[in-house]
Amino acid sequence: MPDHVRDKGMMRDIPSNLKAVCMRFVVQAGSTASFARRCILGMFRLPRDTEEVIRQMDELGAKSLPVVGTTGFVTGLILAIQSRPVLARFGAESYVPAMVSISVVRELGPILTALMVAGRVGSGMSAELGSMRVTEQIEAIEVSGTDSFRFLVVTRVLACTLLLPLLTGIVNVLAILGAYLPAVTEMHMSWQLYFHRAVYSLWLRDVIPAILKTAVFGFIIGVIGCHQGYTATGGTSGVGRASTSAVVTASLLLLFTDMVLAKLIVVLWN
Amino acid sequence: MELIEIRNLCTSFDGMPVLRGVNLTVGKGTTVVILGTSGAGKSVLLKSIIGLMTPDSGSIRFDGKELVGMESRELYTVRRRMGYLFQGAALYDSMTVRGNLEFALRRREVPEDDEMGARVEEQLRLVGLADAIDKTPSQLSGGMRKRVGLARALITQPEVMLYDEPTTGLDPVTGREISELIQSLQQQHAMTSIAVTHDVACARIIADRVAVLNKGVICFEGALGGMEHADDDFVRQFFATA
């Protein structure tokens, strides 16, 4: 086929391809929303698999703590190094502890923790459930008379939702500790003064909405990771696709949700 | 007395019919083997019986109760009366052999740890794998995995056992061992069983009655020996080539 004829054909296909992409997006969004609804209903239904939720929290927390902890510490340290000369230009060098603690607690801590957990835990959950799906382990749970959705999905989503505020708290503390290093070495600030300025500059309206926000982030990571894995098809390559898709989708959705929640918090709390 | 009655069962995938009106009855305490070529829809039929797949139309009655369209909570109760051996054993690979066997027990009742441990050990001894109790599924051979799968399905003392290709992927010697194990366990527990397979040697050992599935319908039902003189060409050919 000559190139110009093929190109014309491709041009004609653009609307139909676009339509197909849009349809796929709508179907996927609908499926995820329905999955999330089932999760919410499952979370409030008794009896809960409390033992499994705790096991998942232990597993997910232990896996994530080293990576999120390091991220928090290094982020605080870099933030202090970068902001000190800028604030010094305005004679506001002494505001470094307050600037670090407010920016970490309000925004950087929650979103960085969520993104790191999405990469570490979201993809792991997706791969684990996906491989269970393709090797019929989920069907085996079903035939044993156990609701696999409640046992595998609801417990993981609940664990993520409860765990993220805890991890974010740890990240916030480590970031403030990280920022203390440049404060003491470059600014010769005593630790009493540093922590007084860092902690007392925080208001409840900085802390509470941010912590509540992380529970929403945890729910999103759990739902996307579990949805991709639980509905995986197409053998081992399908598991790989599900795992990649879980990280990409969760990361984009986290950023978008953060944007919406940031505005909402400012409107409602400030 | 018929324990399972399947009437006019139809299933299709993306418009492609797989089952086109299957009729089958299974009496209490009997073992029926469904024979057929790969892709004939045998596993679909088995998964429909336990409610893992929903048929397009037709009826599946278990102990007088209609399973098609049954509410999920009730379906879980029915499933607890059944055991299922998966083609690839489907062992939970995050758990040890002990964990695999304890899982179903923990989910339905909470027996004392001592009692549960004794039941697990007894079940593994019956399938000849008492030494493998603390191994993980990745440390087991194909035959061992099937045996553990069998022990896991039987530990809850089901009334009905469903076997999906119990000897597929095994060498002839191990396949025969598994078939003989199934037959001896059937006799010990006096269970109602349905097995799907394309292995006539397995059917010869375990079946009271066979049904041949071809092109989505049961084209032969009766004793295994009757296949040789069946009216249907496919049934005679299947028996002759096996």
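The model is predicted.

**Domains of chain B**

Where the two domains of chain B meet, nine residues of domain 1 contact 10 residues of domain 2. On the domain 1 side, helix 6 of chain B (residues 172-189) gives the most, with four residues. By class, that side of domain 1 of chain B has six nonpolar residues, two polar and one charged.

**Contact between chains**

Chain A also touches chain B: 11 residues of chain A are in contact with 15 residues of chain B. The chain A side divides into two nonpolar, five polar and four charged residues.

The table sets out the two contact sides by class.

| Side | Nonpolar | Polar | Charged |
|---|---|---|---|
| Domain 1 of chain B, touching domain 2 of chain B | six residues | two residues | one residue |

**A sheet in chain B**

Four strands of chain B build an open sheet. Their order is 2-1-4-5, and the pairing is antiparallel. Strand 2 (16-27) and strand 5 (65-66) of chain B are the edge strands. Each of them pairs on one side only.

Strand 1 of chain B (residues 2-13) runs antiparallel to strand 2 of chain B, and nine bridges join them. In strand 2 of chain B, B:Leu19 stands opposite B:Thr11.

Key
Residues numbered from 1 in each chain as written. Chains lettered and ligands numbered in written order. Predicted model: local features only at pLDDT ≥ 70, side-chain atom pairs only at ≥ 80, totals over all residues. Contact = placed C-beta atoms within 7 Å. Helix = DSSP H or I, 4+ residues; strand = E, 2+ residues; numbered from the N terminus. Nonpolar A, V, L, I, M, F, W, Y, C, P; charged D, E, K, R; others polar. Pairing = 2+ DSSP bridges.
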